[in-house]
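Subject: Structure handover

Hello,

Here is the structure I promised to pass on. Please open it first, then read my notes below.

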Amino acid sequence: MADPDLAAPSPDWTIDQGWENYTAEEHGVWKTLYERQIKLLENRACDEFVAGMHALPMGPDEIPNFKKLSEVLMKKTGWQVVAVPGLVPDDVFFEHLANRRFPSGNFIRKPHELDYLEEPDVFHDVFGHVPMLMNPVFADYIQAYGVGGLKAQKLGMLKQLARVYWYTVEFGLVRQRNGLRIYGAGIASSYTESLFCTDDPSPNRIRFELERVMRTNYRIDDFQEVYFVLDNLEALLELDRIDFAPIYERIKAQPELQPWDVAPEDEVLHRGTGVYHDAKR
Ligand SMILES: [Fe+2]
(Lines give C-alpha, C1' and ligand atoms only; values in the text may rest on other atoms or scores of the structure.)
Protein backbone atom coordinates (compact mmCIF):
# COMPACT_ATOMS: atom_id res chain seq x y z
CA MET A 1 0.00 0.00 0.00
CA ALA A 2 1.09 3.59 -0.54
CA ASP A 3 2.84 5.14 2.44
CA PRO A 4 0.13 7.31 4.00
CA ASP A 5 2.78 9.70 5.37
CA LEU A 6 3.56 10.78 1.84
CA ALA A 7 0.01 11.78 1.06
CA ALA A 8 -0.94 15.34 1.96
CA PRO A 9 -4.26 15.09 3.80
CA SER A 10 -7.28 16.78 2.32
CA PRO A 11 -8.93 19.37 4.61
CA ASP A 12 -11.13 16.67 6.16
CA TRP A 13 -8.21 14.20 6.15
CA THR A 14 -10.09 11.63 4.10
CA ILE A 15 -8.27 9.51 1.56
CA ASP A 16 -9.30 6.76 -0.80
CA GLN A 17 -9.47 3.42 0.98
CA GLY A 18 -7.37 1.91 -1.82
CA TRP A 19 -9.20 -1.37 -1.38
CA GLU A 20 -7.71 -2.93 -4.50
CA ASN A 21 -4.21 -2.32 -3.13
CA TYR A 22 -4.51 -4.63 -0.11
CA THR A 23 -2.17 -7.60 -0.39
CA ALA A 24 -3.09 -11.23 0.23
CA GLU A 25 -1.11 -11.04 3.46
CA GLU A 26 -3.15 -8.05 4.64
CA HIS A 27 -6.44 -9.83 3.89
CA GLY A 28 -4.94 -12.80 5.74
CA VAL A 29 -4.34 -10.72 8.88
CA TRP A 30 -7.98 -9.60 8.74
CA LYS A 31 -9.08 -13.25 8.43
CA THR A 32 -7.01 -14.35 11.42
CA LEU A 33 -8.37 -11.52 13.57
CA TYR A 34 -11.94 -11.89 12.33
CA GLU A 35 -12.19 -15.64 12.89
CA ARG A 36 -10.67 -15.46 16.35
CA GLN A 37 -12.93 -12.64 17.44
CA ILE A 38 -16.27 -13.60 15.89
CA LYS A 39 -16.39 -16.87 17.84
CA LEU A 40 -15.68 -15.08 21.07
CA LEU A 41 -18.23 -12.33 20.54
CA GLU A 42 -21.26 -14.45 19.64
CA ASN A 43 -21.78 -14.98 23.37
CA ARG A 44 -20.12 -11.86 24.74
CA ALA A 45 -21.16 -8.91 22.58
CA CYS A 46 -24.55 -7.29 23.09
CA ASP A 47 -27.47 -8.30 20.85
CA GLU A 48 -27.22 -5.07 18.84
CA PHE A 49 -23.56 -5.67 18.01
CA VAL A 50 -24.21 -9.21 16.82
CA ALA A 51 -27.24 -8.12 14.76
CA GLY A 52 -25.27 -5.26 13.18
CA MET A 53 -22.40 -7.57 12.33
CA HIS A 54 -24.71 -10.09 10.61
CA ALA A 55 -26.40 -7.40 8.51
CA LEU A 56 -23.17 -5.85 7.18
CA PRO A 57 -21.13 -6.94 4.16
CA MET A 58 -18.31 -8.09 6.43
CA GLY A 59 -16.85 -11.58 6.58
CA PRO A 60 -13.62 -13.48 7.16
CA ASP A 61 -12.23 -13.55 3.64
CA GLU A 62 -11.30 -9.96 2.95
CA ILE A 63 -10.91 -6.54 4.49
CA PRO A 64 -14.32 -4.90 4.04
CA ASN A 65 -14.81 -2.38 1.27
CA PHE A 66 -15.90 0.95 2.83
CA LYS A 67 -18.15 1.80 -0.12
CA LYS A 68 -20.13 -1.42 0.32
CA LEU A 69 -20.34 -0.94 4.09
CA SER A 70 -21.52 2.64 3.59
CA GLU A 71 -24.32 1.59 1.21
CA VAL A 72 -25.81 -0.68 3.86
CA LEU A 73 -25.18 1.73 6.73
CA MET A 74 -26.65 4.67 4.83
CA LYS A 75 -29.93 2.82 4.29
CA LYS A 76 -30.17 1.73 7.91
CA THR A 77 -28.97 4.75 9.92
CA GLY A 78 -27.62 7.35 7.48
CA TRP A 79 -23.98 6.71 8.37
CA GLN A 80 -20.97 6.12 6.13
CA VAL A 81 -17.41 4.97 6.66
CA VAL A 82 -14.64 7.20 5.30
CA ALA A 83 -10.96 6.29 5.08
CA VAL A 84 -8.29 8.26 6.94
CA PRO A 85 -4.56 7.53 7.21
CA GLY A 86 -4.62 7.13 11.04
CA LEU A 87 -5.53 9.35 13.98
CA VAL A 88 -6.90 12.73 12.90
CA PRO A 89 -7.07 16.04 14.83
CA ASP A 90 -9.93 16.32 17.32
CA ASP A 91 -11.87 18.97 15.42
CA VAL A 92 -11.70 16.93 12.20
CA PHE A 93 -12.86 13.82 14.07
CA PHE A 94 -15.82 15.61 15.68
CA GLU A 95 -16.82 17.24 12.41
CA HIS A 96 -17.00 13.81 10.75
CA LEU A 97 -19.07 12.29 13.55
CA ALA A 98 -21.40 15.29 13.66
CA ASN A 99 -22.11 14.60 9.97
CA ARG A 100 -22.55 10.85 10.39
CA ARG A 101 -19.24 9.90 8.81
CA PHE A 102 -17.12 7.42 10.71
CA PRO A 103 -13.39 7.91 10.01
CA SER A 104 -11.58 4.60 9.80
CA GLY A 105 -7.89 3.85 9.38
CA ASN A 106 -7.42 2.10 6.03
CA PHE A 107 -4.28 0.19 7.05
CA ILE A 108 -4.12 -3.10 8.94
CA ARG A 109 -1.67 -4.20 11.63
CA LYS A 110 1.21 -6.52 10.77
CA PRO A 111 1.02 -10.29 11.38
CA HIS A 112 3.34 -9.99 14.41
CA GLU A 113 1.16 -7.24 15.97
CA LEU A 114 -2.13 -9.10 16.33
CA ASP A 115 -2.63 -8.02 19.94
CA TYR A 116 -0.73 -4.78 19.81
CA LEU A 117 -1.92 -1.55 18.32
CA GLU A 118 -0.44 1.92 18.41
CA GLU A 119 -3.06 3.56 16.24
CA PRO A 120 -6.54 2.31 15.39
CA ASP A 121 -6.42 0.22 12.22
CA VAL A 122 -9.16 -1.08 9.96
CA PHE A 123 -9.84 -4.04 12.23
CA HIS A 124 -10.41 -1.87 15.28
CA ASP A 125 -12.35 0.80 13.42
CA VAL A 126 -14.50 -1.39 11.19
CA PHE A 127 -14.93 -4.66 13.08
CA GLY A 128 -15.07 -2.87 16.44
CA HIS A 129 -17.12 0.25 15.68
CA VAL A 130 -19.23 -0.23 12.57
CA PRO A 131 -21.64 -2.96 13.80
CA MET A 132 -22.95 -0.61 16.52
CA LEU A 133 -23.50 2.15 13.92
CA MET A 134 -26.25 -0.09 12.50
CA ASN A 135 -28.23 0.51 15.70
CA PRO A 136 -30.38 3.67 15.47
CA VAL A 137 -29.89 4.64 19.13
CA PHE A 138 -26.15 4.24 18.97
CA ALA A 139 -25.99 5.96 15.58
CA ASP A 140 -27.68 9.04 17.06
CA TYR A 141 -25.50 8.91 20.14
CA ILE A 142 -22.22 9.03 18.20
CA GLN A 143 -23.45 11.90 16.06
CA ALA A 144 -24.44 13.78 19.23
CA TYR A 145 -20.99 13.07 20.61
CA GLY A 146 -19.46 14.76 17.55
CA VAL A 147 -21.64 17.84 18.04
CA GLY A 148 -20.83 17.80 21.76
CA GLY A 149 -17.12 17.51 21.01
CA LEU A 150 -17.11 20.70 18.94
CA LYS A 151 -18.85 22.51 21.84
CA ALA A 152 -16.60 21.00 24.51
CA GLN A 153 -13.53 22.20 22.63
CA LYS A 154 -14.76 25.78 22.87
CA LEU A 155 -15.52 25.34 26.58
CA GLY A 156 -12.13 23.77 27.31
CA MET A 157 -13.80 20.57 28.57
CA LEU A 158 -12.59 18.11 25.98
CA LYS A 159 -10.78 15.92 28.49
CA GLN A 160 -14.00 15.42 30.44
CA LEU A 161 -16.08 14.67 27.35
CA ALA A 162 -13.45 12.32 25.91
CA ARG A 163 -13.81 10.17 29.02
CA VAL A 164 -17.46 9.61 28.15
CA TYR A 165 -16.46 8.36 24.70
CA TRP A 166 -13.74 6.19 26.20
CA TYR A 167 -15.95 4.53 28.78
CA THR A 168 -18.91 4.05 26.42
CA VAL A 169 -17.99 3.87 22.73
CA GLU A 170 -14.61 2.25 23.37
CA PHE A 171 -14.92 0.29 26.63
CA GLY A 172 -18.62 0.15 27.45
CA LEU A 173 -20.48 -2.82 28.88
CA VAL A 174 -24.26 -3.18 29.06
CA ARG A 175 -26.50 -5.42 31.14
CA GLN A 176 -28.67 -7.69 29.02
CA ARG A 177 -30.93 -10.63 29.83
CA ASN A 178 -28.02 -13.05 29.65
CA GLY A 179 -25.56 -11.03 31.71
CA LEU A 180 -22.87 -8.44 31.05
CA ARG A 181 -22.36 -7.79 27.36
CA ILE A 182 -19.76 -5.86 25.35
CA TYR A 183 -20.65 -2.90 23.16
CA GLY A 184 -17.37 -0.91 23.26
CA ALA A 185 -15.15 -1.18 20.19
CA GLY A 186 -11.89 -1.14 22.16
CA ILE A 187 -13.04 -4.34 23.79
CA ALA A 188 -14.84 -5.89 20.83
CA SER A 189 -11.71 -5.64 18.67
CA SER A 190 -9.42 -7.10 21.35
CA TYR A 191 -9.28 -10.84 21.98
CA THR A 192 -7.66 -10.57 25.39
CA GLU A 193 -9.77 -7.70 26.70
CA SER A 194 -12.99 -9.38 25.54
CA LEU A 195 -12.16 -12.13 28.03
CA PHE A 196 -10.79 -9.86 30.74
CA CYS A 197 -13.67 -7.36 30.88
CA THR A 198 -16.39 -9.88 31.62
CA ASP A 199 -14.59 -12.87 33.16
CA ASP A 200 -11.67 -11.58 35.21
CA PRO A 201 -12.32 -10.79 38.89
CA SER A 202 -9.74 -7.99 38.89
CA PRO A 203 -11.48 -4.89 37.42
CA ASN A 204 -14.26 -2.92 39.09
CA ARG A 205 -17.59 -2.90 37.31
CA ILE A 206 -19.65 0.12 38.23
CA ARG A 207 -23.05 1.31 37.08
CA PHE A 208 -22.68 4.07 34.49
CA GLU A 209 -23.25 7.56 35.83
CA LEU A 210 -22.41 10.47 33.55
CA GLU A 211 -20.77 12.89 35.99
CA ARG A 212 -18.81 10.10 37.65
CA VAL A 213 -17.43 9.02 34.28
CA MET A 214 -16.51 12.58 33.31
CA ARG A 215 -14.35 12.82 36.43
CA THR A 216 -12.51 9.54 35.86
CA ASN A 217 -9.11 9.21 34.23
CA TYR A 218 -8.47 6.19 32.05
CA ARG A 219 -5.55 4.08 31.03
CA ILE A 220 -4.47 3.74 27.44
CA ASP A 221 -1.61 1.29 27.99
CA ASP A 222 -3.37 -1.78 29.35
CA PHE A 223 -6.74 -3.35 30.16
CA GLN A 224 -9.14 -1.01 31.94
CA GLU A 225 -9.23 -1.11 35.73
CA VAL A 226 -12.88 -0.09 35.73
CA TYR A 227 -15.75 -0.72 33.35
CA PHE A 228 -18.92 1.36 33.51
CA VAL A 229 -22.07 -0.61 32.85
CA LEU A 230 -25.26 0.71 31.23
CA ASP A 231 -28.66 -0.69 32.24
CA ASN A 232 -29.57 -0.67 28.56
CA LEU A 233 -28.47 1.06 25.37
CA GLU A 234 -31.51 3.34 25.41
CA ALA A 235 -29.81 5.13 28.32
CA LEU A 236 -27.56 6.66 25.65
CA LEU A 237 -30.59 8.46 24.22
CA GLU A 238 -30.82 10.52 27.39
CA LEU A 239 -27.23 11.60 26.95
CA ASP A 240 -28.16 12.99 23.53
CA ARG A 241 -30.66 15.31 25.12
CA ILE A 242 -28.62 16.61 28.01
CA ASP A 243 -27.04 20.05 27.91
CA PHE A 244 -23.54 19.29 29.09
CA ALA A 245 -22.57 22.92 29.86
CA PRO A 246 -24.08 23.01 33.40
CA ILE A 247 -22.60 19.57 34.09
CA TYR A 248 -19.14 20.79 33.14
CA GLU A 249 -19.58 23.66 35.60
CA ARG A 250 -20.57 21.27 38.40
CA ILE A 251 -17.73 18.83 37.92
CA LYS A 252 -15.11 21.58 37.79
CA ALA A 253 -15.53 21.83 41.57
CA GLN A 254 -15.14 18.09 42.16
CA PRO A 255 -11.93 16.08 42.42
CA GLU A 256 -10.80 13.82 39.61
CA LEU A 257 -10.96 10.09 40.16
CA GLN A 258 -8.36 7.51 39.21
CA PRO A 259 -9.20 4.31 37.33
CA TRP A 260 -8.89 2.21 40.51
CA ASP A 261 -10.99 4.48 42.75
CA VAL A 262 -14.38 3.54 44.08
CA ALA A 263 -16.40 6.58 45.17
CA PRO A 264 -18.90 6.43 48.07
CA GLU A 265 -21.82 7.17 45.75
CA ASP A 266 -20.90 4.47 43.23
CA GLU A 267 -23.28 1.63 42.56
CA VAL A 268 -20.73 -1.15 42.44
CA LEU A 269 -21.86 -4.20 40.47
CA HIS A 270 -18.60 -6.05 41.04
CA ARG A 271 -15.86 -4.93 43.42
CA GLY A 272 -12.65 -5.91 41.66
CA THR A 273 -9.85 -7.73 43.42
CA GLY A 274 -7.34 -5.43 41.68
CA VAL A 275 -4.97 -8.38 41.39
CA TYR A 276 -4.15 -7.86 37.72
CA HIS A 277 -3.10 -4.21 37.91
CA ASP A 278 -1.66 -4.36 41.45
CA ALA A 279 0.84 -6.95 40.27
CA LYS A 280 2.15 -4.43 37.75
CA ARG A 281 2.46 -1.47 40.13
FE1 LIG B 1 -12.01 3.35 18.48
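One definition first: a residue is buried if 20 or more other C-beta atoms lie within 10 Å of its own, exposed if 12 or fewer, and partly exposed in between, with C-beta atoms placed from the backbone. This is a predicted model: local features need pLDDT of at least 70, side-chain atom pairs count only at pLDDT 80 or more, and totals for chains, interfaces and linings use all residues. Residues are numbered from 1 along each chain as its sequence is written.

Two positive phi values

Most residues other than glycine have a negative phi. R100 has a positive phi, near 60°. R100 sits in the loop between α4 and β2 (101-105). Helices (H or I, at least four residues) and strands (E, at least two) are DSSP runs, numbered from the N terminus. R100 is partly exposed because it has 18 C-beta neighbours inside 10 Å.

W13 also has a positive phi, near 70°. W13 lies in the segment before α1 (24-41). With 19 other C-beta atoms within 10 Å, W13 is partly exposed too.

Around Q80

Q80 belongs to strand β1 (residues 80-84). Leaving out residues up to four places away in sequence, Q80 touches S70, L73, M74, R100 and R101. Contact here means that two C-beta atoms, placed from the backbone, lie within 7 Å. Q80 counts as partly exposed because 18 C-beta neighbours fall inside 10 Å. Q80 and G146 are 66 residues apart in sequence, and their C-alpha atoms are 14 Å apart in space.

Helices α4 and α6

G146 is one of the α6 residues that meet α4. Helix α4 (residues 90-98) packs on helix α6 (residues 136-155) at about 145°, with the axes 7 Å apart. Axes are lines fitted to C-alpha atoms, for helices over the stretch in contact, and angles run from 0 to 180 degrees between N-to-C directions. On the α4 side, the contact includes D90, F94 and L97. On the α6 side, it includes I142, Y145 and L150. By class, this contact has seven nonpolar, five polar and two charged residues. Ala, Val, Leu, Ile, Met, Phe, Trp, Tyr, Cys and Pro count as nonpolar, Asp, Glu, Lys and Arg as charged, and the others, Gly among them, as polar.

The core

The largest nonpolar core has 65 residues. Such a core is a set of buried Ala, Val, Leu, Ile, Met, Phe, Trp, Tyr and Cys residues joined through C-beta atoms within 7 Å. Helix α5 (residues 122-133) gives the largest share, seven residues. Which residues have the most contacts inside the core? They are F49, L133, F138, I142 and I182. L133 touches L73, T77, W79, F102, F138, A139 and I142, not counting residues up to four places away in sequence.

The sheet

Five strands form an open sheet in the order β4-β3-β6-β5-β7, with mixed pairing. Two strands pair if DSSP finds at least two bridges between them. The edge strands are β4 (179-182) and β7 (268-270), each pairing on one side only. Strand β6 (residues 226-230) runs parallel to β5 (residues 204-207), over four bridges. R205 stands opposite Y227 of β6, and R207 has V229 as its bridge partner. Strand β3 (residues 173-176) is also parallel to β6, joined by two bridges. There, V229 is the bridge partner of L173. Four of the five residues of β6 are buried, so this strand is largely enclosed by the rest of the structure.

Best wishes
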